[in-house]
Amino acid sequence: LLILGETGVGKELIARTLHNSSRRSKGPFVDVNCAAIPTDQLEAEMFGVAKGAATGVLERPGKFRLAQGGTLLLDEIGDMPLDLQAKLLRAIQEKEIQPVGSAPMPVDIRVVTATNTDLLQRIEQGRFRRDLYFRIAGFALHVPALRDRRDDIAALVESFLREFARECRKSIRGITLKALRILTDYDWPGNVRELEHEVRRLAYLCPDGEAVDSSMLSPHIL
């Protein structure tokens, strides 16, 4: 499964939901952000390192082995280096990995990938392997941006307000229609994650026992 969508739309949440509703739900859910790990460490982080692979090196299992019997989410797969893409393709096809300094070993996991980049464009640029794309995109799920599903905003605001009212131990009487209308009209470039941060801020600003009103909204949203 390949999950496509802008940053902040909730790709990881969807991957977790798919894992929790699958036959692998009792197994682990492991995620790795391919863009957040230095290139020279990514292979060891993914496939692991055998004890004694180099002087003073301790054994590290790697994300593939940690996800055994469950689901592995490879987030921002479009940023994975080309040489590692080849090793990932082999791991998926052969259902085995080769930790650094060790013999190959079998793995039984479901691989879910996610990206906010255009992989087909990266293929044309020579930055992503075409064979890997067709291997990971057995089913592609596109998550629309929040500005393209504004009807969701009221429900998300209500849910986040409840959550953050508990967090800051307040009784918040909801949100005014004017404030909600402004939130609904805003384009949310950061998507659901940006909305979540704004509602958390509003919950802390709102006086106990009152409702959120438009004067409390961030200036750039106003």
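Where does Ser218 lie? Ser218 is found in the segment after H9. The model in these views is predicted.

**View 1. Ser218 and the residues it touches.** Ser218 is buried, because its relative accessible area is 6%, against a cut-off of under 20%. Leaving aside residues up to four places away in sequence, Ser218 touches Glu198 and Arg201. With Arg201 there is also a side-chain link: a polar contact of 3.4 Å joins the two side chains, Ser218 and Arg201.

**View 2. The largest pocket, with about 410 Å³ of space.** The lining of this pocket has 19 residues. Closest to the centre are Gly8, Val9, Gly10, Lys11 and Arg193. Two or more lining residues come from each of helix H1 (11-20), helix H7 (153-167) and helix H9 (191-205). H1 gives the largest share, five residues. By class, the lining of the largest pocket holds eight charged, seven nonpolar and four polar residues.

**View 3. The second largest pocket, with about 280 Å³ of space.** Here 14 residues form the lining. Ile92, Lys95, Ile109, Arg110 and Val111 are the closest to the pocket centre. Helix H4 (82-94), strand S6 (110-115) and helix H6 (130-136) are the elements that each supply two or more residues to the lining. Sorted by class, the lining of the second largest pocket has eight nonpolar, four charged and two polar residues.

Conventions:
Residues are numbered from 1 along each chain as its sequence is written. This is a predicted model: local features need pLDDT of at least 70, side-chain atom pairs count only at pLDDT 80 or more; totals for chains, interfaces and linings use all residues. Side-chain values use heavy atoms; hydrogens and water are left out. On a 1 Å grid over the protein atoms alone, a cavity is a set of points where a 1.4 Å probe fits but cannot get out, and a pocket is an open set with protein on both sides within 12 Å along at least five of seven lines; lining residues have an atom within 4 Å of a point. Grid points are joined across faces, edges and corners, and a volume is the space filled by probe spheres set on the points. Helices (H or I, at least four residues) and strands (E, at least two) are DSSP runs, numbered from the N terminus. Ala, Val, Leu, Ile, Met, Phe, Trp, Tyr, Cys and Pro count as nonpolar, Asp, Glu, Lys and Arg as charged, and the others, Gly among them, as polar. Buried means under 20% relative accessible area, exposed over 50%, partly exposed in between (1.4 Å probe, protein chains only). A polar contact is a pair of N or O atoms within 3.5 Å; within protein, one must be able to donate a hydrogen and the other to accept it, and residues adjacent in sequence count only if both atoms are side-chain atoms. Contact means heavy atoms within 4.5 Å.
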